[in-house]
Amino acid sequence: MAKINENYLKLKAGYLFPEIGRRVRAFTEANPAAKVIRLGIGDVTRPLAPTVLKAFHKAVDDLGTIDHFAGYGPEQGYDWLINEVIEKSYKPLGVELKTEEMFISDGSKCDCANILDIFAMDNVVAIGDPVYPVYNDTNVMIGRTGEADEKGYYKGIVYMPCTEENGFIPALPTTKVDIIYLCFPNNPTGTVATKAELKKWVDYAIANDAVIFFDAAYEAFITDSEIPHSIYQIEGAKKCAIEFRSFSKTAGFTGVRCGLVVVPEEVMGTTSTGEKYSFNKLWLRRTTTKFNGASYPVQRAAAAVYSDEGWRETKAIVDYYMENARIIREGLASAGLTLYGGLNAPYIWLKTPNNMSSWDFFDKLLTEANVVGTPGSGFGPSGEGFFRLSAFGHRENVEEAVERIRKNLK
């Protein structure tokens, strides 16, 4: 008889966003006339930039010709895309990377999970709280943890609370850890980290032979010139950090699927006999065995993002979302709510009024204002009492949602 992976049974509830979907469906079925505005899941709403779309169409047409047809591509991505990203996105930051150190994928969500394949099970993992649920749940799924306690913390994971008191920047672990998840600009809190703050983490990782998983999916939304876009802007980070990036939010590829991982050759792990081995070689082996690469048209479209015209158009879309964030932030702050984020990230992290629980506030907004957001507790125990709103909406919907929430709070 085939046996299941019982680690999945440790997960206490369904994935956060399907649960939100379930509640919204139940409400809309019972209230078909209600106009529900969704500012919950961070899905984009603006069309692809014209230059990107043109490149996408041309690449599809290429597949219909003998001269330009493309079959299997390199599993780690085409050099022409990798080199374009290095030249246009990393070099301006003062970061030098080799072509062999970047891997193109079908999205950073997959990468954040799949990277665990090349790390031993007895590594001690540190994760922020609240945090993007994929970090936590994938470690549970592979069997790194024990059961969850009454708080929701899984035995075997070191949790780093991100609270109002510490500015949503976690403190360094007080015990030695081997893998550290960092996400800046942060999902869900919208917090950013300065170079000085990131330097503390790099220094810790080097001193403790740890590896940082740095999720930079929202780096394109940074507006403060003093805030780093990449962990590799920090001295020493190429010795200890693996960086994930995504075209999903930057260029509206949530349905197109394209991301990338940077694994510097200098990032080393240790064998059971104490020998050093490059994680870059392991990730290359994993990628070429388990992945056939993002599709040719998708990679052509991704390369067009970094053309001069493509980036101007893409940046205009990013600016559109950040204007939405300003409208939400200022509109709700004037209504008396305490808010964070929304300045260098497309997420607004608000404190629920009157000590209301996160899910109670979700239900209140859904049923009374017909607005969907994301309960903070869905991102971890330290998210209780907070709520995330996304700026990825149509302008008229964002403006209407703000007015509805304001009226609902009176």
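## Terms and model

Two strands pair if DSSP finds at least two bridges between them. Helices (H or I, at least four residues) and strands (E, at least two) are DSSP runs, numbered from the N terminus. With that settled, here is the structure itself.

You are looking at a predicted model, in which local features need pLDDT of at least 70 and side-chain atom pairs count only at pLDDT 80 or more, while totals for chains, interfaces and linings use all residues. Residues are numbered from 1 along each chain as its sequence is written, and side-chain values use heavy atoms, with hydrogens and water left out.

## The chain as a whole

The protein chain holds twelve helices and 15 strands. Its radius of gyration is 21 Å, close to the 22 Å that the globule rule gives for 410 residues, so the chain is as compact as a globular protein of that length. That radius is taken over C-alpha atoms, and the globule rule is 2.2 Å times the number of residues to the power 0.38. Along the principal axes, the C-alpha atoms fill a box of roughly 60 × 55 × 55 Å.

Of the 410 residues, 54% are buried; buried means under 20% relative accessible area, exposed over 50%, and partly exposed in between (1.4 Å probe, protein chains only). The accessible surface comes to about 18,300 Å², and carbon and sulfur atoms account for 52% of that. These areas come from the Shrake-Rupley method with a 1.4 Å probe, and for residues only the protein chains shown count as cover. Among contacts (heavy atoms within 4.5 Å) with a separation of 6 or more, 73% link residues 24 or more positions apart.

Strand E6 covers residues 211–215, and five of the five are buried, so the strand is largely enclosed by the rest of the structure. In a regular strand the side chains alternate between the two faces of the sheet. Here both faces are covered, with Val211, Phe213 and Asp215 buried on one side and Ile212 and Phe214 buried on the other.

On one pairing, E6 runs parallel to strand E5 (residues 179–183), to which five bridges join it; isoleucine 180 stands opposite isoleucine 212. Helix H6 (residues 195–207) belongs with these two strands, and E5, H6 and E6 make a right-handed β-α-β unit. Right-handed here means that, with the strands pointing away from the viewer, the path from the first strand over the helix to the second runs clockwise.

Isoleucine 212 stands opposite alanine 241, and phenylalanine 213 stands opposite isoleucine 242.

The pairing with E8 is antiparallel and spans four bridges. There, the bridge partner of phenylalanine 244 is valine 261.

Alanine 126 sits in strand E3 (residues 125–129) and counts as buried, at 0% relative accessibility. Leaving aside residues up to four places away in sequence, alanine 126 touches Val158, Met160, Pro173, Val177, Ile179, Ile180 and Tyr181. Its C-alpha atom is separated by 9.3 Å from that of glycine 156, 30 residues apart along the chain.

## Salt bridges

The whole structure has 22 salt bridges, each a side-chain nitrogen of Lys or Arg within 4 Å of a carboxyl oxygen of Asp or Glu. One of them joins lysine 35 to glutamate 400, with the closest N and O atoms 3.0 Å apart. Lysine 35 lies in the loop between helix H1 (16–30) and strand E1 (37–38) and glutamate 400 in helix H12 (residues 395–409), so the pair ties together parts that are 365 residues apart in sequence. Lysine 35 is partly exposed at 44% relative accessibility, and glutamate 400 is partly exposed at 29%.

Glutamate 265 and lysine 98 meet in another salt bridge (2.8 Å, N to O). Glutamate 265 is in the loop between strands E8 (259–262) and E9 (268–270), and lysine 98 in the loop between helix H3 (79–90) and strand E2 (102–105), so this pair ties together parts that are 167 residues apart in sequence. Within helix H12, glutamate 403 and arginine 406 form a salt bridge (3.8 Å, N to O); these two lie three residues apart, about one turn of the helix. Salt bridges that share partners also join Glu19, Arg22, Arg23 and Asp363 into one network.
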